[in-house]
Amino acid sequence: MRRVRTLRLAGYAATAKETIVGFKIRVIAAATAIGCALASQVAWSDPADRGKLQQSMQQIFSSMRLLLPASVTRGGFDSEEDADQLRASLEQVARAAGGVGEHVRANERGAQYLSRSLEREAREALYLFDQGDFESAQFSVLQMAEYCVECHSRSAIPDDSPLSKGFVSSEVFQGLEPEERARLQFATREFEAGLDTLDALLVSRDVPAEELLGAVTNYLVVSLRLKQDFERARAALRKVTRRPDLWAYIRLDVDRWIESLTELQPLAEVSGAESLKRAVEVLDRAREVTRFPSDRQALVHYVVASALLQRFVETDASDADKARAYYLLGVVESRIGRSYWLALPYFFLESAIRLNPSGASARQAYALIEEETLFLYGFEEGAATPELPMDVEERLEALRALIDKAQPGKLPPRREVRDPS
Ligand code: HEC
């Protein structure tokens, strides 16, 4: 069953296509990845393993070089002649993604999660391909790009790759909407070209001002979190303010974001133990600038907080502090997350619970997961008490049990789920 869902927590009317099955898989995926942190202690910046990571990436890219053009082409997976090669490419992505986890630091939970998710998505694409469901397999390959984008904009390495330079400029991608083209550029590490694509989009009269929020968010994530280039972000937003179709409400948002960039720029340098404290300050400030719940004025604050929190969870802080940071990352991610598909907020919230079930952040994280799950499965269809699929119910119960055991009686009871019979 496919449905279009509003990203409620994101505070704006973006819609995301979501399948119930897909969501289920991803919620479980989040849980599996949490249980699988590796014992290796190798940092991304370690030259030896950076080499291995690059090697895996090169394998992934050499496969995606074939898969992506076929995925954006109608009937691109149908040709019998190419079947063996497409199949081998999907297998190679899955295999290489499976190895990536070993080349990133064990406490890089986000990266671990994303590489495992990429592997799973590649296997799903392979399965669909083998079933002859080529269109869904193509869609699945395009979903894979989300994992690439997210992981690339989360690591500390901001460089373009010479390997993929100009790849997305090839003719086959010309028909894509600019936002989709930028996404593939970020997926293949053409960050400069991707930002250029979005620069053009932000001033394009083909896209009405009220549809720019996704592009602006992507722009901020790459320019601030990855590149720490506040100047570039400011320049791009200034250009937006000159659009003649900007109505007052959006204008107020953009003006606020430009101000916030100046206010928060000094935080670009903050890292290590201090970054949690500073992130909390930024989020306090975000509350002050927010006028009502679905307000977007704090967008820059959220992106900057996500960068600080991301840096913090990579430190060797205590589990309790990290749990708090993961809880906040979950909250922030649900506001700036570009793809509902990734289920990254859930992963972070679950991490918060599992790292420190006796903490206050575990209870808050659980409350958010529960609400979003109930909302996803029921409230949309008007059911008073949504019926959850068995495994989703079990997941919730497992998280509840962890917290109940660590802090008995502290979690408010959940409403009974009515037996549908
Ligand atoms: C787990 C995180 C993660 C995922 C998932 C991921 N990447 Fe990467 N990728 C990285 C990092 C980090 C680097 C930078 C490595 C370096 O330069 O040291 C990188 C580098 C690359 C490079 C440059 C390699 C080189 O030698 O120049 C390409 C191309 C690439 N990735 C493509 C992809 C594609 C396409 C996907 C998705 C199908 C993907 N990556 C998924 C983390 C990831």
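Residues are numbered from 1 along each chain as its sequence is written. Because the model is predicted, local features need pLDDT of at least 70 and side-chain atom pairs count only at pLDDT 80 or more, whereas totals for chains, interfaces and linings use all residues.

Of its 421 residues, 43% count as buried. A residue is termed buried if 20 or more other C-beta atoms lie within 10 Å of its own, exposed if 12 or fewer do, and partly exposed in between, with C-beta atoms placed from the backbone. Two residues are in contact if their C-beta atoms, placed in that way, lie within 7 Å. Among contacts between residues at least 6 apart in sequence, 67% join residues at least 24 apart.

Two packed helices are described by the angle between their axes and the distance between the axes. Axes are lines fitted to C-alpha atoms, for helices over the stretch in contact, and angles run from 0 to 180 degrees between N-to-C directions. Angles under 35 degrees count as roughly parallel, over 145 as roughly antiparallel, 65 to 115 as roughly perpendicular and the rest as oblique. A crossing is left-handed if the near helix is turned anticlockwise from the far one by less than a right angle, and right-handed if clockwise.

Helix α8 (residues 213-226) packs against helix α12 (residues 299-313) at about 40°, with the axes 10 Å apart, and the pair is therefore oblique. The crossing is right-handed. Thr217, Leu220, Val221, Leu224 and Arg225 of α8 meet Leu299, Val300, Val303, Val304, Ser306 and Ala307 of α12. By class, this contact has 8 nonpolar, 2 polar and 1 charged residues, where Ala, Val, Leu, Ile, Met, Phe, Trp, Tyr, Cys and Pro count as nonpolar, Asp, Glu, Lys and Arg as charged, and the others, Gly among them, as polar.

For α13 and helix α15 (residues 360-377), the axes come within 9 Å and cross at roughly 25°; the two helices are therefore roughly parallel. α13 passes α15 in a left-handed crossing. Ala323, Arg324, Tyr327 and Gly330 of α13 make the contact with Ser361, Ala362, Gln364, Ala365 and Leu368 of α15. This contact comprises 5 nonpolar, 3 polar and 1 charged residues. Helix α13 (residues 319-336) also holds aspartate 321, which is partly exposed because it has 19 C-beta neighbours inside 10 Å.

Two loop residues other than glycine have positive phi values. Arginine 189, in the loop between α6 (178-187) and α7 (191-203), has a phi of about 65° and counts as buried because 24 C-beta neighbours lie inside 10 Å. Glutamine 228, in the loop between α8 and α9 (230-241), has a phi near 50° and is partly exposed, with 18 other C-beta atoms within 10 Å.

Definitions and conventions:
Helix = DSSP H or I, 4+ residues; strand = E, 2+ residues; numbered from the N terminus.
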